[in-house]
Amino acid sequence: MPTSPSLRERTAEPAAAPVPPGPPNGAGGRRPERAALLRRIGLRVLALAVLLGGWQLVTVLQLWSPVLVPSPAAVWRALLETSGTHDGVRGYQGHTLIEHLGISLRRIFVGAGAGVVAGLVLGVLMGTLPWVRVVLEPAVAFLRTLPPLAYFSLLIIWFGIDEAPKLWLLAVAAMPPVAVATASAVASAPTALVEAARAIGARRGQVVTSVVLPSALPEILIGVRLAFGIAYSSVVAAETVNGLPGIGGLIRDAQRYNQSDTVVLGLFAIGLSGLLIDAGLRLLADRLAPWRSHA
């Protein structure tokens, strides 16, 4: 004989319908990141458009002489003239803009690269040997406070007016920030890791290469970024003497003849290529030290 359903069975709610699966976590997480990236790009494009619009407005209203503030069209014409051959004249002083920039970049990478290597060696010695830090830290701090032009004349007396003083200037300018950053990072390496490596029998060199340097790598890479930035800002000073061909020499030579459009073009070339170099160094830092964020 069938029994009537109980009160609990009559009042029970129906089973909930199955929830369809949502998008994978990776796809859902990528959408906010993509939207944030698009917003950043949009804001930067808008800021650039406002800057160019303000620049064009200043030149249209003739608030300053075109010699002081060239128009965007004048800078564009200078770009075209220095990028090819016009009226039988090739580029600027016989070299195109990209050739001037390439020669300066070669000087920066050779000179600043040597300074980075020297700063890395000095920083490791200063960070691991206290007596070396006591001896060398004042000299490194002294060089770090000197502007490049302060010792460029002395380098010209020592090495002449060819390539050597330019490379030495960039090397000396790039060395102190790397040495300071490396010494500070090496000295602050985690003591527990160092003691653990020594406890298992690691020698001093193994401790430095396997424990100290990996932990100090993010700060070292920040020092390398600063070094290349300082070297790039010093390239015009390095090319004040016999700097053609070179982007700094181009700027100095154009300044003598009040060619402000070419000067502004050279500044743009330095700034944009400097941004690309810094972006490359940031990418390298993210690849070599992905556990740390970089500004």
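Predicted model: local features only at pLDDT ≥ 70, side-chain atom pairs only at ≥ 80, totals over all residues.
Let's start with the helices. Two packed helices are described by the angle between their axes and the distance between the axes. For helix α7 (residues 163–187) and helix α9 (residues 204–233), the axes come within 8 Å and cross at roughly 155 degrees. Angles over 145 degrees count as roughly antiparallel, so that's the label for α7 and α9. The crossing of α7 past α9 is right-handed. On the α7 side, the contact residues include Leu170, Ala174, Val178 and Ala181, while α9 brings in, among them, Leu213, Ala216, Ile220 and Ala227. Sort the residues of this contact by type and you get 17 nonpolar, two polar and one charged.

The largest pocket holds about 270 Å³. It has 14 lining residues, with Val75, Leu79, Leu265, Phe268 and Leu272 closest to the centre. At least two lining residues come from each of α2 (25–61), α3 (72–82), α4 (97–128) and α12 (260–288), and α12 gives the largest share, with five. By type, the lining of the largest pocket has 13 nonpolar residues, one polar and no charged.

The second largest pocket takes us back to the helix pair. Its space comes to about 240 Å³. Thr128, Val186, Val194, Arg198 and Val212 lie nearest its centre, out of 13 lining residues. Two or more of the lining residues come from each of α4, α7, α8 (191–199) and α9, with α9 giving the largest share, four residues. Here the lining of the second largest pocket splits into eight nonpolar, three polar and two charged residues.

Key: Residues numbered from 1 in each chain as written. Heavy atoms only, no water. Axes fitted to C-alpha atoms, helices over the stretch in contact; angles between N-to-C directions. Parallel < 35°, antiparallel > 145°, perpendicular 65-115°, else oblique. Left-handed = near helix turned anticlockwise from the far one by under 90°. Contact = heavy atoms within 4.5 Å. Nonpolar A, V, L, I, M, F, W, Y, C, P; charged D, E, K, R; others polar. 1 Å grid on protein atoms, 1.4 Å probe; cavity = no way out; pocket = protein on both sides within 12 Å on 5 of 7 lines; lining within 4 Å. Points joined across faces, edges and corners; volume = space filled by probe spheres on them.
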